[in-house]
Amino acid sequence: MTLSRTTLRTVGTVVLTVVVALAFFFLDDTEQAPGPSSAPAVSGTPSSLPDGGPGGGPDGGPDGGPDGGPESGDLDPESGLAWVELEDLPAVAQDVVEDIEQGGPFVCDKDGSTFSNYEGILPERERGYYAEFTVIDDCSRNRGALRIVAGDVDELYFTDDHYDSFDRVLLDDR
């Protein structure tokens, strides 16, 4: 049996892609410490962070909201992402945040699994720091593009385009 050059080139490309992906996966696992298997606790507002929380001006400065905290649309100085207020998220996303704060139950089996931040959009953290949660009412068909990603230290991120972009969620007083 003789294979055409196109077939051989395609097979070679697929094999190379798989080898590179596996190498990246194994290198990523060995360079970072394993994280917790449970969902991170999210229980406060950004102002409850150890440094008093990020500033709220367009550059992350102190001129944000009336209390000096960040406002929707301002940039988070650590991540460079825009803040979005929790109440500006879709209602189902707000429900997911409430479920995260309560420790579940969650809609999809994959909820609470490690988000590896391969896109590099969120601040770099050790493996297991971030967990992802599906923003959907029913996981029976497709999980869709909306997700909440939670960090270990009272931080939430929202994506409506399956990790192509994120906003940092500004939690209300809880």
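**View 1. Phe106, a partly exposed ring in a predicted model.** Phe106 has 26% relative accessibility and counts as partly exposed (between 20% and 50% relative accessible area; buried is under 20% and exposed over 50%, with a 1.4 Å probe and protein chains only). The model is predicted, so local features need pLDDT of at least 70 and side-chain atom pairs pLDDT 80 or more, while totals for chains, interfaces and linings use all residues. Residues are numbered from 1 along each chain as its sequence is written, and side-chain values use heavy atoms, without hydrogens and water.

**View 2. The tilted pair of Phe106 and Phe133.** Seven aromatic pairs are counted in the protein (rings of Phe, Tyr and Trp, the last by its six-membered ring, with centres within 6.5 Å; planes under 30 degrees apart are stacked, over 60 edge-to-face, the rest tilted). In this pair the centres are 4.9 Å apart and the planes make 45°. Phe106 lies in the loop between helix 2 (91-102) and strand 2 (113-114), and Phe133 in strand 3 (residues 131-134), so the pair ties together parts 27 residues apart in sequence. Helices (H or I, at least four residues) and strands (E, at least two) are DSSP runs, numbered from the N terminus. Phe133 is buried, at 0% relative accessible area.

**View 3. The edge-to-face pair of Tyr130 and Tyr157.** The distance is 6.1 Å centre to centre, with 75° between the planes. Tyr130 is buried at 3%, and Tyr157 is buried at 0%.

**View 4. A cluster of rings and a charge.** Ring pairs link Phe115, Tyr129, Tyr130, Tyr157, Tyr163 and Phe166. The charged end of Arg125 sits over the Tyr129 ring, 5.3 Å from its centre (NZ of Lys or CZ of Arg within 6 Å of the centre and within 35 degrees of the ring normal).
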